[in-house]
2 protein chains.
Amino acid sequence: MSKSQNAISPSREEDYPLWYQEVVKAAELAESSPARGCMVIKPWGYGIWENIQRDLDRRIKETGHENAYFPLFVPLSLLEKEAAHVEGFAKECAVVTHHRLEEKDGKLIPAGELDEPLIVRPTSEAVIGEVYAKWVKSYRDLPLLINQWANVVRWEMRPRLFLRTAEFLWQEGHTVHANEEEARCEVMTMLEVYRSFAEEMLALPTIVGEKPASERFPGAVDTYSIEAMMQDRKALQAGTSHYLGENFSRASNIRFLDEQGDLRFAHTTSWGVSTRLIGALVMAHSDDDGLRLPPRVAPKQAVILPITPKSGDEGPILEFAAKLQKSLSGISYAGRPLCVALDKRDLRGGEKNWQWIKKGIPLRIEIGAREVESNCVCVYRRDADRKERIVMNPEELIGSITTILDQIQDNYLQQATLFLAENTETGIKTASDFCRFFTPVNAQKPEIHGGFVRAFWCEDADTEALLKDLKVTVRCIPLEQGEGSGTCVLSGRPARREAIFAKAY
Amino acid sequence: MSKSQNAISPSREEDYPLWYQEVVKAAELAESSPARGCMVIKPWGYGIWENIQRDLDRRIKETGHENAYFPLFVPLSLLEKEAAHVEGFAKECAVVTHHRLEEKDGKLIPAGELDEPLIVRPTSEAVIGEVYAKWVKSYRDLPLLINQWANVVRWEMRPRLFLRTAEFLWQEGHTVHANEEEARCEVMTMLEVYRSFAEEMLALPTIVGEKPASERFPGAVDTYSIEAMMQDRKALQAGTSHYLGENFSRASNIRFLDEQGDLRFAHTTSWGVSTRLIGALVMAHSDDDGLRLPPRVAPKQAVILPITPKSGDEGPILEFAAKLQKSLSGISYAGRPLCVALDKRDLRGGEKNWQWIKKGIPLRIEIGAREVESNCVCVYRRDADRKERIVMNPEELIGSITTILDQIQDNYLQQATLFLAENTETGIKTASDFCRFFTPVNAQKPEIHGGFVRAFWCEDADTEALLKDLKVTVRCIPLEQGEGSGTCVLSGRPARREAIFAKAY
């Protein structure tokens, strides 16, 4: 590859969806699996998920929740208890109907038919509700604050790695409260946990808001989300938090004796984020050379690349490199020891270098004979031009590495924040301007359009039908609203709140 | 409950299987779920699993492995590729045959039949083999050392919490090597990881050995295991490591170009431990008052129990307790901060105390008005008599708590080690003595019998048939063997190695 060419083809500009696929592939994050629609998460991708889990798990526990584990299978009769819920998932669920295989005419076929089909959980409200009904007896048992890390299955006809896969990994919190106020407080607490986590760990700025009725979780009274902007200016829902009211407690009979001795239905919530966050990371920060990983979530923060001579003694270089690796690995960063690779593989230097660029490692540290001689290293930052190098001695690097990593983390957040602000249009007042904004300039590239629109919306369902042609949806009604009311950009009717409109993943 | 009575009824002596169920229930570890044969792992039980995961994950990574994630579903055609493998699992697998639900006559029924049934993974050799065949091209790609943490499903007709459940959680390592020697070395490395983990974290002594042919993993060339003894003297297989030879690489076509440019089949291994370990923990260490948790694996190491007066000021007591909790929580233990609960619930002191005893918490720390006055605390160790208390001042406790916890951990290990040694009979030379050893003294209590027998065995399959009537199996052929050969205890034929015989879970 020549120095002027980029590592990923096509570029974002040329073909954004294909660029995304190529970045995921080049960074060795994941690939399609032999089971249709499911993915294999490769070590580099799973390393990101482990960091997401570790940090988010801490935040979930710090807000008073404990982890538990509930079964993979939901008996159909339980799923059916909440009408809106089952309707929402009936079209996309994996159904287990048999419990063994039997040979017939030399062929293995399903046998041992179950009396009742089991649904592979698409989410766990139904099965957890049934369990909670046994656990909750009195106000003394409340609040019940539990989370689980699990895999779930929602059948996907058009899967895309991380963004839409039949099986994905997630956490799902399920809580029970004595009244609406406490339950709504929980919903907001977790929404803020997600927002701050996305910002601090993933360098991902998001808009926090309420989903329109049409986009609510099946069975929820209210759904809230954090919405991020990808580099093609489309929205990606990155986490949701639901106030379920008494819907599931009535369906599952979760009742408790209050302090007055009256039997009452509890109020429940649920909230979750998934491996989709990795897709969001990729699309928010990567460039035409591949992945760019925020240091706090990177499986490794730096790689040392020894440049050994074709002939001659590589001993001093490897020794110098190993010593540096050891010193760096003792440094604490983002609550755990810095993870620094030493890549001694027998590969051309250029190829090796490009592999790490495409994997998005924050820092590359080159050490050759010259560096050993002059007791220095060449440091390349993934957030800088790829040829820009910083020469420093090992002690300087050891002393400043966490500062450099923090700078990279901040840079990604600032770039994404600026991009979100620059591509959120707040001046659109009429339906025709609105349509123009979302109509692709070039019919060949339907993905290139204006971005987000923030405008007053009357919240009537009929206006959402108008959006369908444009393939635009109301992403959310931001929690932060200005003073006063206005006129709906779509209907011209009076409107109380502003909404975010966008095309979305 | 009176002071002389035990917390768990029946006792181990009265009814061991029921005692086990009652301990699991009283400690709030797990319960049966609405999906038949699956379990709900409650927070206290899941906390144990989190500690198992954290520590074992570190050991797996320190031996050079990375984590990844492979799909939940195995297409039937892949499972079928290895004949012994599919035969081993065909009788106990959950089969997905449809991908949505449809209303018919007012009833929801499975719809969208799949062209090919999907098996919910009972283990992942088949699906991972297919993926590895794409990843492995050259000797440079080897060894491939990957682990995954996942749920698996094996249909169980007679489920028992933790010991046998339709769904369970586990880790499964899957590695690929260039030759038999390296693959066998990996198998032994992981077996030793399991043995030392069980000993150091779970205080569980195990016998390391090779499984007889009849107990091999379906598709394996050789299976090795660690075997533990429960308090009813039965064996429990606590972890396995398999040398798979070329069986799966031939089935999945995992081939590589060696250094000479020849295309060769790789050698693979797999190894795993599961939530069954929690069952082993319970049965190895608990007593008639409930669970006893080795401190290193306990979700919390200690609980502070403030004894507040019915009337009067509880302020100073709670303040004293909170201050102690804060000091203790800053101490590092087993690689992470000590976890100390402060139980302020409005419950009778006796009831509260018993709850924590049954949960097996290593230390209970009582603080009442008298203690605050004299600046001391009452410490109760779970490994001591329940009335035995140690009075010390807070500074003493802070200075010695990790030593005390280490003593408790050691005590459990020593007790279990002694129990294993005392109940392993090495002097049996004849088949009739062998039968007598395994025949219950009391027909009413078939679970009470001799324990393990270690004796020479000729390794012929016909001798295993003899064992069937006694409901005894060859647990393993220990790796550590004495010098020389002997005479088979069952057949009288010459025998090369000693085996461990036992009844088993």
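User: How many residues of chain A are in contact with chain B?
Analyst: In this predicted model, 49 residues of chain A are in contact with 49 residues of chain B.

User: Which element gives the largest share on the chain A side?
Analyst: Strand E5 (residues 95-104) of chain A, which contributes 7 residues to the side that touches chain B.

User: And how do the residues on that side divide into nonpolar, polar and charged?
Analyst: There are 34 nonpolar, 6 polar and 9 charged residues on the side of chain A that touches chain B.

User: Back to E5(A). In which sense does it pair with E5 of chain B, parallel or antiparallel?
Analyst: Antiparallel, over 3 bridges, with strand E5 (residues 95-104) of chain B as the partner. Within that pairing, Val96(A) stands opposite Val96(B).

User: What rotation superposes chain A on chain B?
Analyst: One of 180 degrees, with 0.0 Å of shift along its axis and an RMSD of 0.0 Å. This is the relation of a two-fold axis.

User: Which C-alpha of chain A is nearest the axis?
Analyst: That of Val96(A), at 2.1 Å from the axis. Val96(A) is also the residue that stands opposite Val96(B) in E5(B).

User: Do the copies meet through the same surface or different ones?
Analyst: The same surface, because 100% of the interface residues of chain A are also interface residues in chain B.

User: New topic, the sheets. What is the strand order in the 11-strand sheet of chain A?
Analyst: The order is E3-E7-E8-E14-E11-E10-E9-E24-E27-E23-E22; the sheet is open and its pairing is mixed.

User: Which strands stand at the edges there?
Analyst: Strand E3 (66-67) and strand E22 (424-425) of chain A. Each has a single partner strand, so one side of each is left without a neighbour in the sheet.

User: What does helix H5 touch on that sheet?
Analyst: Helix H5 (residues 125-135) of chain A packs on the sheet and touches strand E7 (144-153), strand E8 (167-177) and strand E14 (267-274) of chain A. The direction of H5 makes about 30 degrees with that of E8(A).

User: How many residues of E14(A) are buried?
Analyst: 8 of its 8 residues.

User: How does E14(A) pair with E8(A) and E11?
Analyst: E8(A) and E14(A) pair in the antiparallel sense over 8 bridges, with Trp170(A) and Ser274(A) as bridge partners. Strand E11 (residues 235-245) of chain A also pairs with E14(A) in the antiparallel sense, over 5 bridges, and there Gly245(A) stands opposite Thr268(A).

User: Now the 5-strand sheet. What order?
Analyst: E18-E15-E19-E20-E21 in chain A, again an open sheet with mixed pairing. Strand E18 (340-342) and strand E21 (389-392) stand at the edges with a single partner strand each, so one side of each lacks a neighbour in the sheet. Neighbouring strands are turned by 25 degrees against each other on average, direction ignored.

User: In which sense do E15 and E18 pair?
Analyst: Strand E15 (residues 302-306) of chain A and E18(A) pair in the parallel sense over 3 bridges. The bridge partner of Ile304(A) is Leu342(A).

User: Which strands does H9 lie across, and which does H12?
Analyst: Helix H9 (residues 315-329) of chain A lies across E15, E18, strand E19 (363-367) and strand E20 (377-381), running at about 170 degrees to E15(A). Helix H12 (residues 394-422) of chain A lies across E19, E20 and E21, at about 0 degrees to E20(A).

How values were computed
Residues numbered from 1 in each chain as written. Chains lettered and ligands numbered in written order. Predicted model: local features only at pLDDT ≥ 70, side-chain atom pairs only at ≥ 80, totals over all residues. Pairing = 2+ DSSP bridges. Helix = DSSP H or I, 4+ residues; strand = E, 2+ residues; numbered from the N terminus. Axes fitted to C-alpha atoms, helices over the stretch in contact; angles between N-to-C directions. Contact = placed C-beta atoms within 7 Å. Nonpolar A, V, L, I, M, F, W, Y, C, P; charged D, E, K, R; others polar. Least-squares fit on C-alpha atoms with pLDDT ≥ 70 in both. Buried ≥ 20, exposed ≤ 12 C-beta atoms within 10 Å, placed from the backbone.
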